[in-house]
Amino acid sequence: MKDLAKRFVQNPLLSPADLKPGIPGLEITCLLNPGVFTFEGKTWLLVRVAERPKQQPGIISFPVLKGNGIEIIEIPSDDPDLNVDDPRVINFRGLDYLTTLSHLRLLCSDDGISFYEPEGYSALQGKTSQEAFGIEDCRVTLIEDTYYLTYTAVSENGVGVGLRTTKDWKVFKSEGMIIPPHNKDCAIFQEKINGKYYALHRPSSVDLGGNFIWIAESPDGIHWGKHQCILKTRKDKWDSKRIGAGASPIKTDKGWLEIYHGANHAHRYCLGAFLMDLENPALVVARTDEPIMVPIEQYELTGFFGHVVFTNGHIVNGDELTIYYGAADEFVCAAMFSIQEILSSLTY
Ligand code: MAN
């Protein structure tokens, strides 16, 4: 295995303690999985901020959105109907909740390394009942003069894909849930192909099928159809349990290059790549056999959920690809890649 990532020496770039909680009284547990874009000459992150009350001995507590505020749910930790085996999810009386409530925060930077919260820009919060458990892992795609924000919307009804659009990062138009549960990891292509919008997304099929990457078409970037499954998990490999698209595919002369995450049965998350045909992106022409990045650094191995590198945002500058990623579901990090090197590591 060859790890192609040149990690920033400044990693982690951001940790939970670097920001103030969005909701007074809660603490930031994880700062992770940023969407990335350029705007007015700066590099911006739309970072996922996951919060919960400071945990007290004997009680599991977590927030959910209710009306215009939040409700804190508290459960005795010895309740026989409580299952907290996964630090990310709570199962109580047969129902699933999340241990943290996520919103999205805007940060910007002149050098792509030190980020600060600019004045005059509001955080994005869950708004509808489909977003009561939070909004997460946003992909940002600029098409013409409009930014498309596709994010994971979570509630007791399930996990689906929400869409908001903006031109100035101050006024947002909400298009509601564009792909219903169970679905996440949705990334819209940065340009239309033969007059149509395309997006990658990841449904999870409970019985037949699995956690595979699909592609869909749209006449307007809002209504999606013609769904096709294009990439599957691979038995006994690093991406055997689930795969999902990273940010918008990168246009190269060889095809559309997509960075994706793959997890195995031990929940180790690595990054890989695949290549789609330029004219017909439903056609996958190549894929990396091995990951291009695996969790190896301390900040990737230990944290809220260890052994995770996960990306949903990057910046392309010629051959240089800067991938911003969530490490151990707790920190924001960055690594540099050569696009040519990734292309050379594909198997056709
Ligand atoms: C999984 C993980 C969590 C996330 C939930 C809901 O459990 O990816 O981080 O909060 O799904 O999307």
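This tour goes from the ligand and its shell to the cysteines.

The model is predicted, so local features need pLDDT of at least 70 and side-chain atom pairs count only at pLDDT 80 or more, while totals for chains, interfaces and linings use all residues. Residues are numbered from 1 along each chain as its sequence is written, and side-chain values use heavy atoms, with hydrogens and water left out.

**Ligand**

An N or O atom in the Glu136 side chain is 2.7 Å from a ligand oxygen. For Arg48 the corresponding distance to a ligand oxygen is 3.0 Å, and a polar side-chain atom of Lys184 is also 3.0 Å from an oxygen of the ligand. Taken alone, the ligand exposes 300 Å², of which the protein buries 81% (Shrake-Rupley method, 1.4 Å probe).

Now select Cys138, Cys186 and Cys229. How many disulfides does the whole structure contain? The search finds zero, with a disulfide taken as a pair of cysteine sulfur atoms within 2.5 Å. The closest cysteine sulfur to that of Cys186 is in Cys138, at 9.9 Å, which is too far for a bond. For Cys229, the nearest cysteine sulfur is that of Cys186, 15 Å away.

Finally, colour by relative accessible area: Cys186 is buried at 3%, and Cys229 is partly exposed at 30% (buried is under 20%, exposed over 50%, partly exposed in between; 1.4 Å probe, protein chains only).

How values were computed: A polar contact is a pair of N or O atoms within 3.5 Å; within protein, one must be able to donate a hydrogen and the other to accept it, and residues adjacent in sequence count only if both atoms are side-chain atoms.
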